[in-house]
Amino acid sequence: MNMLNVLLAAPAQGGGSALPQMLIFGGMIVVMYFFMIRPQTKKAKMQKQFTENLKEGDKIVNIAGIHGKIKKFNDDGKTLVMEVAPGTTLTIERSTISMEYSAALNAPAANVKA
């Protein structure tokens with residue numbers, strides 16, 4: 001007797017409902033949404049709001065770690081001029097500004113613990 005006949009002759013096991021498997025799969029999707037997708041979209045929304053609320057004179061840090069002050073916003077709306085030293089400017093994308101470091105840099109001095 002070959003393997004195929006043995007497999008076909010074996011009695012079907014289980015015969016139960018697929019509902020528990022579907023519930024587990026659906027639960028995994030819900031968990032992934034609340035622990036991975038939702039926080040990521042929330043953080044992206046906060047980053048976008050942060051970059052839109054920047055104004056000239058704000059101290060910023062970009063994702064490369066370069067510190068500077070916003071000198072002016074360019075007309076395209078996507079780039080700005082950052083002054084890194086007196087008379088030295090860089091043109092950078094708005095999306096490269098680090099929200100965490102820039103917010104910490106602009107925090108009031110009273111909140112900083114010694």
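Which residues make up the largest nonpolar core?

Guide: The largest nonpolar core has nine residues: F50, L54, I60, I70, L80, M82, I92, I97 and M99. A nonpolar core is a set of buried Ala, Val, Leu, Ile, Met, Phe, Trp, Tyr and Cys residues joined through side-chain atoms within 4.5 Å. Buried means under 20% relative accessible area, exposed means over 50%, and partly exposed is in between (1.4 Å probe, protein chains only). In soluble globular proteins, nonpolar side chains tend to be buried together.

Some ground rules. This is a predicted model: local features need pLDDT of at least 70, side-chain atom pairs count only at pLDDT 80 or more, and totals for chains, interfaces and linings use all residues. Residues are numbered from 1 along each chain as its sequence is written, and side-chain values use heavy atoms, without hydrogens and water.

Now the setting. The protein has three helices and four strands, in the order α-α-β-β-β-β-α. Helices (H or I, at least four residues) and strands (E, at least two) are DSSP runs, numbered from the N terminus. Of the 114 residues, 17% count as buried.

Start at M99, a core member. M99 touches M46, Q47 and F50, leaving out residues up to four places away in sequence. Contact means heavy atoms within 4.5 Å. F50 is itself in the core. Next comes S98, in the loop between β4 (88–93) and α3 (99–105). S98 is buried, with a relative accessible area of 7%. Beyond its neighbours within four places in sequence, S98 is in contact with F50, V61, N62 and I63.

Move on to E100, in helix α3. E100 is partly exposed, at 43% relative accessibility. Core residue I60 is 40 residues away from E100 in sequence, yet their C-alpha atoms are 9.9 Å apart. E100 also forms a salt bridge with K43, with the closest N and O atoms 3.7 Å apart. K43 lies in helix α2 and E100 in helix α3, so the pair ties together parts 57 residues apart in sequence. A salt bridge is a side-chain nitrogen of Lys or Arg within 4 Å of a carboxyl oxygen of Asp or Glu. The whole structure holds three of them.

Now look at the strands. β2 (residues 67–73) and β3 (residues 79–85) pair in the antiparallel sense over four bridges. Two strands pair if DSSP finds at least two bridges between them. Core residue L80 is the bridge partner of F73. In the β2–β3 hairpin, five residues lie between the strands, and G77 takes a positive phi near 80°. A salt bridge joins K71 and E83, the closest N and O atoms being 4.0 Å apart. K71 lies in β2 and E83 in β3, so this pair ties together parts twelve residues apart in sequence.

β3 and β4 run antiparallel too, joined by six bridges. V81 stands opposite T91 in β4. This hairpin has two residues between its strands, and G87 in the turn has a positive phi of about 85°.

Finish at the surface. V30, V31, M32, Y33, F34, F35, M36 and I37 form a nonpolar patch with about 830 Å² of accessible area together. Patches are made of residues with over 30% relative accessible area and no salt bridge; like charges are joined within 9 Å, nonpolar side chains (Val, Leu, Ile, Met, Phe, Trp, Tyr) within 5 Å. Accessible areas come from the Shrake-Rupley method with a 1.4 Å probe; for residues, only the protein chains shown count as cover. Y33 sits in helix α2 (residues 19–52).
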